[in-house]
Amino acid sequence: MASSSATPSAKNKTLIVVESPSKAKTINKYLGNDYKVFASVGHIKDLPKKEIGLDFDHHYEPRYEIIAGKEKVVRQLKKLSREANEILIATDPDREGEAIAWHIANEVEESRKPVRRILFNEITKNAVRDAISEPRQIDYRLVRSQQTRQGLDKIVGYKISPFLWNVVFRGLSAGRVQSVALRLICERENEVEKFEPREYWTLFADFTTASGETFSAKLVKINGRDVSIPNEREAVATAEAIMSSLFGVHDISSREQQRKPPSAFTTSLLQQAASNQLGFGSKKTMRIAQQLYEGIELGPDGATGLITYMRTDSTRISNEAAAQARSYIEEQFGADYCGEGRKPRSDKKAQDAHEAVRPTSVFRTPKAMKAYLTAEQYKLYELIWKRFVASRMSAARIEQTRVDVTDHEQRFLFRANGSKLLFPGFLSVYSDQKELDYEARKSTRDDEDKEQVVQLPKELKLNEKLDLKKLDKKQSFTRPPARYTEASLVKELDNYGIGRPSTYAAIFSTLQDRRYVELQKRKIIPTELGRDVSTILVANFPDLFNVSFTAKMEDELDRVAAGKDEYEEVLDSFYKPLENALSERKNDPVLPQNKGAEVCDKCGKGRMVVKWTSSGKFLGCSEYPKCKNIKPLASSRPKARHTGISCPVCGDGEMVLRDGRFGPFLACSNYPKCNTILNLDKQRRIQPMKTPPLETDLPCPKCGAPLYLRTGKRGLWLGCSKFPKCRGRQAWGQLEEDTRTRWEAAMDQHLAAHPQVTLKMKDGSPVNMQLSIDEIIARAEEQGLLPAEEEQEKERVTS
């Protein structure tokens with residue numbers, strides 16, 4: 001049973017503590033009446049929210065307190081531990097789970113009952129029972145590693161954030177890993193803006209054989225040198241020379257190539273593939289994966305965990321799972337399709353604490369599970385299942401053929417590449433070549449163009465004469481470095497060794513929540529605020545907010561977990577350089593935005609420097625308050641973004657995404673004629689329009705103004721119509737019964753007259769309120785509901 005039980009009891013039982021109620025429900029199904037499963041619902045203790053919580057005079061020792069709202073959970077834990085025979089803590093098998101287990105163990109210590117730790121990589125009957133039979137002690141090294149990470153993050157938050165408040169504006173925050181990710185995003189954006197495209201031309205020819213078969217080939221060499229055609233004039237001259245030439249087959253070469261199967265998913269690869277193939281953000285991917293891991297109701301079989309633990313940097317597969325996959329593949333495809341799988345990567349950064357992400361049973365096929373899963377759960381499960389099966393299959397065999405075509409003088413060399421699938425192997429299950437090519441790339445800078453593969457003639461002979469039927473000239477321009485997507489940002493961080501499986505999803509969502517970045521057409525774009533913050537942090541703390549130092553700190557955390565480094569030493573190595581840098585910059589911050597600031601045209605003494613507010617920035621005299629000269633900056637207001645959502649009030653306007661003092665919101669494009677506004681929640685999902693309050697004839701007990709009647713989570717409530725000037729309230733339960741009856745009837749009529757408004761896209765389809773506004777915009781772009789970029793640019797210029 002989960003912690004929702006009214007009066008849970010563990011008398012004469014073994015108490016098993018997990019984090020989530022759904023996990024508790026699944027585990028409870030596998031155990032008998034001798035066990036009581038209780039959910040702590042995540043952490044029960046944490047560092048104080050409003051202070052740093054580290055004792056700098058006593059070895060940085062953390063000071064924990066019970067999380068607000070968890071007092072009842074702790075009381076129940078203590079009661080159950082006193083009743084139980086023994087206590088097994090089954091929190092997640094990672095550093096965070098180990099820290100939760102340690103806090104729980106400390107709280108139930110007074111029960112004087114044996115407290116041990118159990119671990120399982122998957123929530124299945126065998127895995128749970130095997131874990132119970134092999135309990136161990138809590139690994140304090142892992143706890144110390146989690147404390148080290150938390151301590152580092154707290155130091156950055158409580159030391160750097162006030163610095164930003166002083167030089168920019170209050171309320172900003174900095175993060176140890178997030179700030180480095182922001183730096184990477186901003187530096188890539190700078191490269192994109194500075195990039196100057198270079199024109200080049202490509203020539204393609206269609207050749208026909210004597211038997212009438214046609215194939216296309218690309219011009220690759222002229223007079224033995226790689227093609228370089230910089231402009232149309234040279235392209236036309238080259239084409240004219242080609243058209244007057246005679247061509248024939250110069251060379252035909254074929255070779256058999258093996259395409260190895262991919263490894264099973266790590267957390268990083270899962271997030272990247274889900275982003276590229278399903279359009280899922282990292283946070284969404286991990287949320288759905290958590291559901292699949294903790295257990296899905298499978299009809300009469302009850303709750304069952306469908307995948308193994310989803311936070312892992314290992315590609316290892318257990319012998320049992322490999323044997324099961326082999327059995328399935330042999331049964332479905334034949335023995336020739338069975339493979340041994342790739343050897344687990346020997347990456348020093350990989351902890352290899354868990355297996356790769358895989359289905360708990362390969363025989364639970366996506367098709368068989370579809371009826372029990374939501375659409376999103378099904379898509380992710382299918383992706384994980386296919387990838388795992390493919391990873392245990394044999395390599396695909398492909399015949400690659402290259403045909404070189406030259407003219408009679410051998411000035412021009414055209415090349416065509418063809419391929420023939422000899423044996424499909426793993427491609428029978430997982431054939432997304434675009435994703436596999438993406439994973440093979442080391443760099444995230446370029447959107448690489450694969451060499452075009454064409455259908456070659458069946459009969460083609462050496463020295464065979466060819467007829468040039470058509471010649472196409474294609475103008476192109478070199479492209480700037482590719483902006484980061486969520487997938488490529490995770491890939492970059494993984495390549496650098498920054499962050500770990502448990503942190504990838506939070507990095508981007510944190511930057512987005514802080515309004516440092518935004519998502520446009522699935523590309524991560526830094527906001528003006530984000531760029532300013534990154535520029536200031538890098539200018540003042542270059543040795544702390546860089547890739548190599550952050551990667552080194554991640555290695556230090558791993559060394560603490562392995563018992564090779566001490567908690568205090570690692571915090572010292574970070575805190576002392578930070579304190580030195582802060583003491584240097586506290587009264588003399590470096591602000592690159594003010595380099596070369598002009599002299600104030602009013603007082604002639606000060607300089608017009610950039611000053612920030614929560615709603616934008618402006619130029620102000622450095623002699624303020626003696627001189628109050630200010631000037632606007634054209635770029636200080638963030639650009640509004642089209643969403644494709646029709647205004648629910650006026651119907652003619654479109655709800656556009658704007659950034660205000662209190663964060664992003666949606667506003668009608670017909671403002672000020674229509675002042676409709678829709679708010680967003682912390683996940684950037686649209687909050688439904690609220691029903692207007694009903695004015696009553698009941699007086700406010702404080703000021704006498706009429707009270708408003710509203711509906712809330714706990715029912716009807718009365719508040720003063722003069723809010724926020726007056727915060728008077730009237731308790732609904734204290735009204736006379738006939739008064740309550742009268743106003744309940746009036747409220748029913750009021751709600752009927754103001755039905756819940758359904759938001760619609762410009763094409764009339766309903767808005768999916770479960771999606772974030774960024775996902776809604778991305779889908780609207782794909783469906784052509786937003787104006788072209790050229791039209792949007794005109795709007796920006798005219799506004």
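**Aromatic contacts in a predicted model**

Phe549 and Phe574 are both buried, where buried denotes under 20% relative accessible area, exposed over 50%, and partly exposed in between (1.4 Å probe, protein chains only). The structure is a predicted model, in which local features need pLDDT of at least 70 and side-chain atom pairs count only at pLDDT 80 or more, while totals for chains, interfaces and linings use all residues. Residues are numbered from 1 along each chain as its sequence is written, and side-chain values use heavy atoms, with hydrogens and water left out.

**Aromatic pairs**

- Phe163 and Phe541 make an edge-to-face pair, at 5.2 Å centre to centre with 75° between the planes.
- This pair ties together parts 378 residues apart in sequence, because Phe163 belongs to helix H5 (residues 140-167) and Phe541 to the loop between helix H16 (528-540) and helix H17 (547-561); helices (H or I, at least four residues) and strands (E, at least two) are DSSP runs numbered from the N terminus.
- Phe163 and Phe541 are both buried.
- The Phe549 and Phe574 pair is stacked, since the ring centres are 5.8 Å apart and the planes are at 25°.
- Phe549 lies in helix H17 and Phe574 in helix H18 (residues 567-585), so their pair links parts 25 residues apart in sequence.

**Aromatic cluster**

- One aromatic cluster is formed by Phe207, Phe215, Phe247 and Phe414.

**Charges over rings**

- Lys370 lies over the face of Tyr378, 4.9 Å from the ring centre; the criterion is NZ of Lys or CZ of Arg within 6 Å of the ring centre and within 35 degrees of the ring normal.
- Lys491 places its charged end over the ring of Tyr438, 4.8 Å from its centre.

Technical notes
Rings of Phe, Tyr and Trp (its six-membered ring) pair if their centres lie within 6.5 Å; planes under 30 degrees apart count as stacked, over 60 as edge-to-face and the rest as tilted.
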